[in-house]
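Let's take a friendly walk through this model, from the arrangement of its chains down to a pair of helices. Have the viewer ready and follow along.

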2 protein chains.
Amino acid sequence: MTIPTVLVLDAEPLPRLGRLTGRARVEHTDEAGLAERLPSADVLLVWDFASRAVPSAWPGEGPRPRWVHTASAGVDHLMCPELAASDTVVTNARGVFDQPIAEYVAALVLAMAKDLPRTLELQRERTWRHRESQRVAGTRACVVGSGPIGRTIARTLKALDINTALVGRTPRTGVHGPDDLDRLISRADWVIAAAPLTEQTRGMFDARRFDVMQPSARFINIGRGGLVVEQDLADALAKRWIAGAALDVFEHEPLTPYSPLWRVPGLIVSPHMSGDTVGWRDELGAQFVELYERWAAGRPLLNVVDKQRGYVPGR
Amino acid sequence: MTIPTVLVLDAEPLPRLGRLTGRARVEHTDEAGLAERLPSADVLLVWDFASRAVPSAWPGEGPRPRWVHTASAGVDHLMCPELAASDTVVTNARGVFDQPIAEYVAALVLAMAKDLPRTLELQRERTWRHRESQRVAGTRACVVGSGPIGRTIARTLKALDINTALVGRTPRTGVHGPDDLDRLISRADWVIAAAPLTEQTRGMFDARRFDVMQPSARFINIGRGGLVVEQDLADALAKRWIAGAALDVFEHEPLTPYSPLWRVPGLIVSPHMSGDTVGWRDELGAQFVELYERWAAGRPLLNVVDKQRGYVPGR
């Protein structure tokens, strides 16, 4: 019996895969070595989930891995037509980030309602200035993206008594379809982008969508930078089409110090960290080991991505 | 039939008491005029809830109002032995602040767990620095104060899947007694002060109590400044006995620009605003009008303070 080869596209710190000893030959590569190593890999673990090396290296010579797993919820960074058309199974880190991201969104919603950024500014200025803040109970949220992350966000906002609607690609019980999107965001106090980045969702939050929103609305993106036309958001904030926004993800990451986004008034910028709570890397490693055990035993994999749609189809 | 006189200890903006027209003679006073006007008042509305004028003016000559209502949850600022010993009924603004304060506490808990203050600092510095944050689900909170505010805080934290214990003066179902306090705060990730300020609670959060807490614990005070020995808190933060704190209330308010508290590392300072959401003053005015209608009709008042204990006894 041949021991399968697991090729890891590395990022620091490396995954802890000790449990695979004797059951897999674990090899490591950086972006530069990926194309050369792919033919000898049975499995590719995309540990460096910020890398765009997979779609560059995939359309090459020789055999391809039978299975690709990415340590991320989104798969936009690794898909290419050749991978989509192949027999290779793609899985993702579905589940690991749901609760942390939902809490992060709740933190932003509450911080904006309670004017916490201004409070911290005034503290720096040693200025006591009482302001009225907003009650979140009874406000309305629209969560765009009905996967596990969007659903967990919705559940968390509902627990704070926020009336929350969920929008997905396919309308079903508890989930609105795309036809309802404009109507829902036009009434929402909070619009949350939690959709996968696909051809359908790229740039969906543009000038027209910000124009539809209420002047009192706040927009939060924890999905993928490409969901938002960043310049349109900056303009919408400048024109006060909406009252505030928070971006945790960006078209180009990391933001350089020269990005104008750091200084857009009313915009909170964070470094793609919404899902990353203490222990997250260990959870991602353990999740891969569990999936590997299923795969090696010939049992069906979980978290299998629909490569045409670009996400794991949900309930 | 004589129309009762309602004397308002004023603060800007004045309460909207139009609904009392023809049913009460509404008169206004500032702090300086209070002592002189008290004998002609049937009812005193302490609209300026930051004023300490009532305990100074109360022990005077002539009749006293039969009823004193304060537009605040705490009554510490108006009690004096003579008022406590008198037949005058004291009522408070029970209920108005519960939900806003609970949301404010949730905002602070989540902001601290997600390291939001540091994110805002890094944004000012245009620095992209990913950090791991904390999951709040599964952490432990201890809410000290089992009145409506403390109970609403506990309910809100539980909705975020935080294991929350409530401590009150009298142990009962769902409420721990003072004997459990040290044990509970020694295990808590979040300690929330939401108790009334009384002889029993003054200075209860002192060096010894901060020493009992975990180095990873955060402390939040939205009750009254006097619950905390402020210097002890600053020392506890400097010595890293606890990981962070947020104060919305202070021994002396407003803080002057010279207060050292503005610059204590790890301390979030806000200007006594946790309960004050848009429309709060109208709610306070409407609540007084409702109580007045009961009183004028000879029906029993609500929110009646136990003047010996210093708060409205609860369930």
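Predicted model: local features only at pLDDT ≥ 70, side-chain atom pairs only at ≥ 80, totals over all residues.

The same surface serves both copies, since 100% of the contact residues of chain A recur in chain B.

Now turn to the place where the chains meet. Here 40 residues of chain A are in contact with 40 residues of chain B. On the side of chain A that touches chain B, the elements giving two or more residues are α4 (98–113) and α5 (116–124) of chain A. The most comes from α4(A), with eight residues. By class, this side of chain A divides into 23 nonpolar, nine polar and eight charged residues.

Next, stay within chain B and look at how two of its helices pack. Helix α4 (residues 98–113) of chain B packs with helix α6 (residues 148–159) of chain B at an angle of about 45°, and their axes are 8 Å apart. The crossing in which α4(B) passes α6(B) is right-handed. Among the residues that meet are B:I101, B:A102, B:V105 and B:V109 in α4(B), and B:I149, B:I153 and B:L157 in α6(B). The contact of α4(B) with α6(B) has nine nonpolar, three polar and two charged residues.

Terms used:
Residues numbered from 1 in each chain as written. Chains lettered and ligands numbered in written order. Contact = placed C-beta atoms within 7 Å. Axes fitted to C-alpha atoms, helices over the stretch in contact; angles between N-to-C directions. Helix = DSSP H or I, 4+ residues; strand = E, 2+ residues; numbered from the N terminus. Left-handed = near helix turned anticlockwise from the far one by under 90°. Nonpolar A, V, L, I, M, F, W, Y, C, P; charged D, E, K, R; others polar.
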